[in-house]
Amino acid sequence: MKRYINKIIILLLTATTVLVSCKKFEDFGDMNTDPTKSNNLDPVNQLVLTQLRFSGELTINERTSIIMTMPLVQQIGGAYYTRYGFEYVKNRQYMSELWELGYPNDVLNIVDAVDRSAKDPLKSNLNAMCRIMKVYIFARMTDLYGDIPYSQAGKGYISGVVRPVFDTQKDIYDDFFKELTAASAQLDASKDNVAADIFYQGSVPAWKKFANSLHLRLAMRLSKIAPDKAKAEVQAAYAAGVFTSADDNCITHHADVQNSYADIRGNGVSVAINQYPDEGRPRICSSLLNIMSGSNDPRLKYIARDYWVNPDKPSERIDVTDQVKAQVGIIGVGPGKYNYDDFLGAINVDLGGGRIVQVPNNGQKVQLANWMITNDAPYFHITYAETELLLAEANQRWNLNLGVDAKTHYQNGVEAAMRQLALFKGGPVLTSTEIENFKTDNPLPPGNELKAIDTQLWVALLLNGPEAYANWRRTGFPVLLPAITGESTATTTPRRFEYPLTETEQNATNINKAIAAIEGGIDDWTKRVWWDKQ
């Protein structure tokens, strides 16, 4: 897979343009040629660019995932820069990054790629893939902000619209389902091969399953606001063919590159963590630790690790988990607390060979295992585990005929999530005994089936902050107490991102209509998006 990424990066760097370059003044060319548009840009380059940027763009992943959404759902926290999420300190700049960097880059390119490929009958599959990618990109944005520019977005070069209207989230979702249904049906293995594709190297069957599994994910967003619509769309997605094994997982296999805001080949979530010294890195939140330890989850011993870092040689990170655990247990950082809160005195740890070291307070609070956050760690977009857990929930909610019952889908999802760890380089291979014991000890509890299903989905979505945040807002599981502190600027857990101030300056008429539609007519992060029904 890495060879694909390296080849694509070379292709992108040598491409004539990706909608952001200028024409040299001395090259007049044809006076009838529109200087704002490229006549020979291959839309496959735009597809690949947006695929890599989705999980590789550092600023977006650092601020949307590590600083905001993962702390908001109490998976990580403790580091000073994560306080915006874990103790609700409003920072509009951080909330704006996905919008400010997404619209002029990802939205602009994927909308243009859909338009360009639609005009070429020899690029039918590429067009379908671009349509699916467009839905995927916009879904992350609308789920965080609510009503957003959609139908007119990214069309400045196409139709001259530079101040697009805001579409309602309901209308956006209606179009999502239409686009995914049509694009899935359009894919045809007898037509063009999109070998440069990062996700599946052009596999048409794989893209069909990706489209349908994304359809399922988005259908479940409507489970409370429009249950009949959600039910119908779940059935349509399932009938069209969703993921049926881990072989279907949609993964970006990133490259091992140095920390850089300009290099999108590395895993942006990992790089965002690794760019900080050990003392300042986020720790695992006690909410996650307590839920996993309370169910005797075998993943916990692999995921939660303590490290001693040699202050004279920061690259020397020694796993001292077992010895620390024997002295103080497994300790995380509490909701709304910093690494240095709940101070623990230093403890002595024997590294062998007569070498005794002191592990300080922060070092005793567990971090994510090294193998989870390497710069070349895989990024899981949609997985078989998530698909099975969503099918379990749908079956439980509406008693649907989705192949097997809710219990079986639940167990399939749990097992897939556990086995998924082995897909990381150096990740653990859980034994069948470990997995079976967990399933036996943690069946679907009568009366609390949805809580069990969505709590397991919350665990499985670790490192995918925006999706974990979206599913938590939709379901309310697991139950997380608001982390209100003296620094908090909200009195309850935030439910959305506020719009960028630049949009209020440059697109005032349209954004004011969108703000007026928000509860109370206020653009506030404690308000709810359309599907986030109480």
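Mentor: Two strands pair if DSSP finds at least two bridges between them. Helices (H or I, at least four residues) and strands (E, at least two) are themselves DSSP runs, numbered from the N terminus. In this predicted model, local features need pLDDT of at least 70 and side-chain atom pairs count only at pLDDT 80 or more, while totals for chains, interfaces and linings use all residues. Residues are numbered from 1 along each chain as its sequence is written, and side-chain values use heavy atoms, with hydrogens and water left out.

Trainee: In which sense do strand 9 and strand 10 pair?

Mentor: Strand 9 (residues 347-350) pairs with strand 10 in the antiparallel sense, over four bridges. Within this pairing, D350 stands opposite I356 of strand 10. The two strands form a hairpin with five residues between them, and G352 in the turn has a positive phi of about 90 degrees.

Trainee: How many salt bridges does the structure hold?

Mentor: A salt bridge is a side-chain nitrogen of Lys or Arg within 4 Å of a carboxyl oxygen of Asp or Glu. The structure holds 37 of them. One of these joins E97 and R63, at 2.5 Å from N to O. That pair links distant parts of the chain, with E97 in helix 5 (residues 92-118) and R63 in helix 3, 34 residues apart. Both E97 and R63 are buried.

Trainee: Which parts of the chain does the salt bridge between E467 and R221 tie together?

Mentor: The closest N and O atoms of E467 and R221 are 2.8 Å apart. Because E467 lies in helix 19 and R221 in the loop between helix 9 (204-220) and helix 10 (227-240), the pair ties together parts that are 246 residues apart in sequence. E467 is buried at 6% relative accessible area, and R221 is buried at 2%.

Trainee: Where do E233 and K229 lie?

Mentor: Both lie in helix 10, four residues apart, about one turn of the helix. E233 is buried at 12%, whereas K229 is partly exposed at 31%.

Trainee: Which side chain of opposite charge is nearest to E57?

Mentor: For charge, Lys and Arg count as positive and Asp and Glu as negative; His and the chain ends are not counted. E57 is buried yet has no salt bridge, and the nearest side chain of opposite charge, R53, is 4.3 Å away. E57 is found in the loop between helix 2 and helix 3 (58-72). The side chain of E57 reaches the backbone nitrogen of I60 at 2.7 Å, and one of its polar atoms lies 3.0 Å from the backbone nitrogen of T59.

Trainee: How many disulfides does a search of the whole structure find?

Mentor: A disulfide is a pair of cysteine sulfur atoms within 2.5 Å. The search finds zero. The sulfur of C130 is 14 Å from the closest cysteine sulfur, in C250, which is too far for a bond. C130 is buried, with a relative accessible area of 0%.

Note on methods
Buried means under 20% relative accessible area, exposed over 50%, partly exposed in between (1.4 Å probe, protein chains only). A polar contact is a pair of N or O atoms within 3.5 Å; within protein, one must be able to donate a hydrogen and the other to accept it, and residues adjacent in sequence count only if both atoms are side-chain atoms.
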